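User: Please take a close look at one part of this structure. I would like one connected answer.

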Amino acid sequence: MPKCSKSEKIEDALLWECPVGEMLPNPSDYKSSLIALTAHNWLLRISAATGEVLEKIYLASYCKFRYLSWDTPQEVIAVKSAQNKGSALARQAGIQQSVLLYLAVFRVLPFSLIGILEINKKIFGNVTDATLSHGILIVMYSSGLVRLYSFEAITEQFMQQELDLGCACRWGGTTGTVGEAPFGIPCNIKITDTPPLLFEVSSLENAFQIGGHPWHYIITPNKKKQRGVFHICALKDNSLAKNGIQEMECCSLESDWIYFHPDASGRIIHVGPNQVKVLKLSEIENNSAQHQISEDFVILANREKNKNENLPTVTASGRVVKKSFNLLDDDPEQETFKIVDYEDELDLLSVVAVTQIDAEGKAHLDFHCNEYGTLLKSIPLVESWDVTYSHEVYFDRDLVLHIEQKPSRVFSCYVYQMNISHNSERIQDKSYHSCYLHYLVRMIRFYLNQVRYYTFLR
């Protein structure tokens, strides 16, 4: 893409891919696009192949839009503004802004406007944040309270006027074209009364997830001493599932994390420094109204117990001193899990494991069968892995990206490409025969070669 000014820089972006089996208006629509939000409030659809701008929309001048997210993946996007803090003079005078932020909601390909919604403290109270996911407006409070509302119901009840992109519009005494500068898009969804509440729950740091079959949710009880403890409850009646309190007994600097499996199986992934647990949600025998949590499989880090860890030491005077200490579970000298991801088209779990060897960290990317957890392939990453830097690893079909953030906002990007080899491998262990065959059918056999390396400033 060509160089651009600071005001045109991309603030956030999403990758959009062509839906299967749909007729699209233009040939370019069948290729992947980048949906990008610029610093000067333009929403762009850019060809991922050529960098050509295919569609562009000017959002507004009354707020600063900063974040992009999928409301419905690959179908509906939500563009969230920065929070309105008000001017310094207004804050000094004790004047508080009633509108916290705005949410602009669009269908993609081609872009069509659903509406722009304002989150007003006069309606929702002392709200600290809000977002949109799967048609649900999620409102969060500093107390840890999370409230859920139907965005569709809000739109039907409080939309002031339907707006169409590219059409003339008169709003507040001004006439312009919707989605074009300088008119932009007026805020056409203004809530004047508290909408019907769907659900509310209190959780530490507003951490709240919904998933599973039937619907369950995951929270951490709203007490600091409960950090690292996760409760899995039924959405219909808030009842705790059997074995629904999950706590990974680990002593580490970085906390473990838990989330519903993105493969829509209803399972749950719980990741700690030395193990990845895949949990399943199932009915209790003879009691279909209640559900239980059980282990589906566990992936363990490859660690060897340090034989010299607790050996006694003899001082010069002959006194025997016994060492009694334990390393942290995420100690850099032990293999530690850093990133877990899922590739839906290959049906693989990818796990990044890191070990600090002397002054240099080494990482390897492991591919596991998503159904059984069997290790199918382990690929050492060529570059070193500094545990003090921020890292992201993305796995999509035949590409693996490793993005490393160094001090002074220097970013390094390592790109790996999968290559196909037609040589088959003899399967020695029959216990993972079916899983390996499943893997071979998809991939034949691949290995990773580092093909490109970029360093860039942001």
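Is Phe-208 buried or exposed, and what is its relative accessible area?

Analyst: Phe-208 is buried, and its relative accessible area is 16%. Buried here means under 20% relative accessible area, exposed means over 50%, and partly exposed lies in between (1.4 Å probe, protein chains only). The model is predicted: local features need pLDDT of at least 70, side-chain atom pairs count only at pLDDT 80 or more, and totals for chains, interfaces and linings use all residues. Residues are numbered from 1 along each chain as its sequence is written, and side-chain values use heavy atoms, with hydrogens and water left out.

Eight aromatic pairs turn up in a search of the whole structure. One of them joins Phe-208 to Tyr-217: the ring centres are 5.8 Å apart and the planes stand at 45°, so this pair is tilted. For rings of Phe, Tyr and Trp (its six-membered ring), a pair needs centres within 6.5 Å; planes under 30 degrees apart are stacked, over 60 edge-to-face, and the rest tilted. Tyr-217 is buried as well, at a relative accessible area of 3%. Ring pairs also bring in Phe-199, which forms a cluster with Phe-208 and Tyr-217.

Strands (E, at least two residues) and helices (H or I, at least four) are DSSP runs numbered from the N terminus, and two strands pair if DSSP finds at least two bridges between them. Six bridges connect strand 9 with strand 10 (residues 136-141) in the antiparallel sense. Val-127 stands opposite Tyr-141 of strand 10.

Another open antiparallel sheet of four strands has the order 1-2-3-4. Strand 1 (10-16) and strand 4 (53-58) are at its edges with a single partner strand each, so one side of each has no neighbour in the sheet. Strand 3 (residues 42-47) and strand 4 pair over five bridges, and Leu-44 has Lys-56 in strand 4 as its bridge partner. Lys-56 also lies over the face of Trp-42, 4.5 Å from the ring centre; this requires NZ of Lys or CZ of Arg within 6 Å of the ring centre and within 35 degrees of the ring normal.
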